[in-house]
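Please open the model in a viewer and keep the selection panel at hand.

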Amino acid sequence: MEIERKFLIAGFPDFLPECRRAQVDQGYLATEPVVRIRKTTPPDGAPSYRLCFKGEGTLVRREIELPLSENDFCELSALLKKPMLRKEFRVYTLPDGQEL
């Protein structure tokens, strides 16, 4: 199960230590139900590729992710009707040691 929260932020916090970062490119093959492909590229590593199915709901819903090969990702990318979205994924360490 996934609990999803979306926030639009004005900038990244420069007062917290960053512990992880990645560039995420994702495209939607379908929106009802949601079926998407995602490429996650960390700054110092090889990209990973995923196929994601999302169940019904808005805040809480079932999500199934399966690994994809780079070749399968490229082939599925050719089926997209709209350009991929690019996201910046960052994780920060809070003062109490938890990750945000």
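Contact, as the word is used in this tour, means heavy atoms within 4.5 Å. The model is a predicted one, in which local features need pLDDT of at least 70 and side-chain atom pairs count only at pLDDT 80 or more, while totals for chains, interfaces and linings use all residues. Residues are numbered from 1 along each chain as its sequence is written, and side-chain values use heavy atoms, with hydrogens and water left out.

**Stop 1: Gln-26**

Select Gln-26, which lies in strand 2. Strands (E, at least two residues) and helices (H or I, at least four) are DSSP runs, numbered from the N terminus. Is Gln-26 buried or exposed? Gln-26 counts as buried, at 0% relative accessibility; buried means under 20% relative accessible area, exposed over 50%, and partly exposed in between, with a 1.4 Å probe and protein chains only.

Now display what surrounds Gln-26. Leaving aside neighbours within four places in sequence, Gln-26 is in contact with Arg-36, Ile-37, Arg-38, Met-84, Leu-85 and Lys-87.

**Stop 2**

The structure holds eight salt bridges, a salt bridge being a side-chain nitrogen of Lys or Arg within 4 Å of a carboxyl oxygen of Asp or Glu. Glu-18 is partly exposed, with a relative accessible area of 35%, and Arg-90 is partly exposed at 21%.

Next select Arg-21 and Glu-88, which form a salt bridge with an N to O distance of 3.6 Å. Arg-21 lies in strand 2 and Glu-88 in strand 7, so parts 67 residues apart in sequence are tied together here. The relative accessible area is 32% for Arg-21, which is partly exposed, and 38% for Glu-88, which is also partly exposed.

Then move to Asp-25 and Arg-86, where the closest N and O atoms of the salt bridge are 2.7 Å apart. This pair links distant parts of the chain, Asp-25 being in strand 2 and Arg-86 in strand 7, 61 residues apart. Asp-25 is buried, at 8%, whereas Arg-86 is exposed, at 58%. Finally, show Glu-18, Arg-21, Glu-88 and Arg-90 together: salt bridges that share partners join these residues into one network.

**Stop 3: Arg-90 and Phe-12**

Arg-90 lies over the face of Phe-12, at 3.6 Å from the ring centre; a charge sits over a ring if NZ of Lys or CZ of Arg is within 6 Å of the ring centre and within 35 degrees of the ring normal.

**Stop 4: the nonpolar core**

Select Val-35, Ile-37, Tyr-49, Leu-51, Leu-68, Phe-73 and Leu-80, the seven residues of the largest nonpolar core. Such a core is a set of buried Ala, Val, Leu, Ile, Met, Phe, Trp, Tyr and Cys residues joined through side-chain atoms within 4.5 Å. Strand 3 (34-41) and strand 4 each supply at least two residues of this core.

Within this selection, centre on Val-35. Not counting residues up to four places away in sequence, Val-35 touches Gly-27, Tyr-28, Leu-29, Ala-30, Leu-51, Cys-52 and Phe-53.

**Stop 5: Tyr-49 and Phe-73**

Which kind of aromatic pair do Tyr-49 and Phe-73 form? The pair is tilted, with 5.0 Å centre to centre and 45° between the planes. Rings of Phe, Tyr and Trp (its six-membered ring) pair if their centres lie within 6.5 Å; planes under 30 degrees apart count as stacked, over 60 as edge-to-face and the rest as tilted. Tyr-49 lies in strand 4 (residues 48-54) and Phe-73 in helix 1 (residues 70-77), so the pair ties together parts 24 residues apart in sequence. Tyr-49 is buried at 9%, and Phe-73 is buried at 6%.

**Stop 6: two prolines**

Select Pro-33, found in the loop between strand 2 and strand 3. The peptide bond from Glu-32 to Pro-33 is cis, with omega near -5°.

End at Pro-67, in strand 6 (residues 63-67). Pro-67 counts as exposed, at 61% relative accessibility, and touches Tyr-49 and Arg-50, not counting residues up to four places away in sequence.
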